[in-house]
Amino acid sequence: MQYYTYILYSKKLNKYYTGSTQNLSNRLGEHNSGEDKFTKAGVPWEMVKSFAVNTRAEAVKLENKIKKRGVKRFLNTR
């Protein structure tokens, strides 16, 4: 089964959010529904970039790499 690491952006907060999931469209809907405690203030969130990987471990590893580097810096070096 395929996993994804994704980057969202909120114009309202001018902030990025990075996460990982198996179902991108479902997860984006959860973020934009306001149910998620951390992201409800930034609704609506826009998908900026997503990366498909083969395992959950790879998805989490990439998510941590992006967070460690910083989303803006990561996006500018790609």
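Is phenylalanine 51 buried or exposed? In this predicted model, in which local features need pLDDT of at least 70, side-chain atom pairs count only at pLDDT 80 or more, and totals for chains, interfaces and linings use all residues, residues are numbered from 1 along each chain as its sequence is written. Side-chain values use heavy atoms, with hydrogens and water left out. Phenylalanine 51 is buried, with a relative accessible area of 11%, where buried means under 20% relative accessible area, exposed means over 50%, and partly exposed lies in between (1.4 Å probe, protein chains only).

The structure holds five aromatic pairs, a pair being counted if the ring centres of Phe, Tyr or Trp (its six-membered ring) lie within 6.5 Å, with planes under 30 degrees apart taken as stacked, over 60 as edge-to-face and the rest as tilted. The rings of tyrosine 9 and tyrosine 16 have centres 4.9 Å apart and planes at 50°, so this pair is tilted. Tyrosine 9 is buried at a relative accessible area of 16%, whereas tyrosine 16, at 31%, counts as partly exposed. For phenylalanine 51 and phenylalanine 74, the ring centres are 5.8 Å apart and the planes stand at 85°, so the pair is edge-to-face. This pair links distant parts of the chain, since phenylalanine 51 belongs to strand β3 (residues 45-53) and phenylalanine 74 to helix α3, 23 residues apart; helices (H or I, at least four residues) and strands (E, at least two) are DSSP runs numbered from the N terminus. Phenylalanine 74 is buried, with a relative accessible area of 1%. Ring pairs also link Tyr6, Tyr17, Phe38 and Trp45 into a cluster.

On the surface, Lys49, Lys61, Lys65, Arg69, Arg73 and Arg78 gather in a patch of positive charge. Such patches are made of residues with over 30% relative accessible area and no salt bridge, like charges being joined within 9 Å and nonpolar side chains (Val, Leu, Ile, Met, Phe, Trp, Tyr) within 5 Å; a salt bridge is a side-chain nitrogen of Lys or Arg within 4 Å of a carboxyl oxygen of Asp or Glu. Helix α2 (residues 56-69) supplies the largest share of the positive patch, three residues. Arginine 78 lies in the segment after α3 (71-76) and is exposed, with a relative accessible area of 60%.

Note on methods
Accessible areas come from the Shrake-Rupley method with a 1.4 Å probe; for residues, only the protein chains shown count as cover. Lys and Arg count as positive and Asp and Glu as negative; His and the chain ends are not counted. The place of a charge is taken as NZ of Lys, CZ of Arg, CG of Asp or CD of Glu.
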